[in-house]
Amino acid sequence: MTKIVTALAGLLLCGCSAFAADQGAREAFRRIDTNGDRKLEFSEIQAARARMFDRLDVNHNGVLEPGEVRAAIEEIKSKRDVQAARFTGLQAEASRMDRNGDGKISRDEFTAAVPDRLLQADTDGDKALSITELRALRRQ
């Protein structure tokens with residue numbers, strides 16, 4: 001389960017393709033694909049990000065403070081040595097999420113953000129990632 005959560009965190013936080021490579025990815029895909037259309041719609045990704053925010057907000061104050069962001073990044077890196085290089089973009093992604101520049105990431109800021117890698121992977125522009133698009137992301 002931890003591997004799935006780690007891979008899911010990579011996908012949702014920075015668009016890392018580790019998600020598509022892990023065992024259990026199909027199960028995680030099905031959990032995110034709430035309407036069962038075999039695509040991850042950006043709205044479904046955002047809903048999954050909202051659930052993830054609730055887990056990452058350790059002190060439950062409604063914002064991710066710099067320490068919570070660093071802790072999440074370090075946890076993901078420590079569990080995915082092979083993919084660690086891809087997670088270096090996570091800190092940059094975190095700064096992009098902080099739209100008001102207050103050094104904290106609110107639930108709304110976190111949920112609204114769709115990682116750049118996922119936006120770019122949406123080659124047909126339908127605001128959803130098909131299995132084919134996710135496989136292409138994995139090969140990048």
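Predicted model: local features only at pLDDT ≥ 70, side-chain atom pairs only at ≥ 80, totals over all residues.
Colleague: Which elements give two or more residues to the positive patch?
Modeller: Two elements supply two or more residues to the patch: helix 3 (25–32) and helix 9 (131–139).

Colleague: Which element gives the most to the positive patch?
Modeller: Helix 3 and helix 9 each give two or more residues. The top contributor, with 3 residues, is helix 9.

Colleague: Is Arg 30 buried or exposed?
Modeller: A residue counts as exposed over 50% relative accessible area. Arg 30 has a relative accessible area of 59%, so Arg 30 is exposed.

Colleague: Where is Arg 38, and is it buried or exposed?
Modeller: With a relative accessible area of 56%, Arg 38 is exposed.

Colleague: What is the phi of Arg 38?
Modeller: Arg 38 is not a glycine, yet its phi is positive, at about 65°.

Colleague: What is the phi of Lys 127?
Modeller: Lys 127 is found in the loop between helix 8 (116–121) and strand 4 (128–130). Lys 127 is a residue other than glycine, and its phi has a positive value near 60°.

Colleague: Is Lys 127 buried or exposed?
Modeller: The cut-off for exposed is over 50% relative accessible area. Lys 127 has 59% relative accessibility and therefore counts as exposed.

Colleague: In what order do the elements of the protein run?
Modeller: The secondary structure comprises 9 helices and 4 strands. Starting at the N terminus, the order is α-α-α-β-α-β-α-α-β-α-α-β-α.

Colleague: What percentage of the residues count as buried?
Modeller: The protein exposes about 7500 Å², of which carbon and sulfur atoms supply 50%. Buried means under 20% relative accessible area. Of the 140 residues, the share that counts as buried is 45%.

Colleague: What percentage of the contacts with a separation of 6 or more comes from residues 24 or more positions apart?
Modeller: The count takes contacts in the protein with a separation of 6 or more. Residues 24 or more positions apart make up 59%.

Key: Residues numbered from 1 in each chain as written. Heavy atoms only, no water. Buried < 20%, exposed > 50% of the residue type's maximum accessible area, 1.4 Å probe, protein only. Contact = heavy atoms within 4.5 Å. Areas by Shrake-Rupley, 256 points an atom, 1.4 Å probe, with all protein chains shown as cover.
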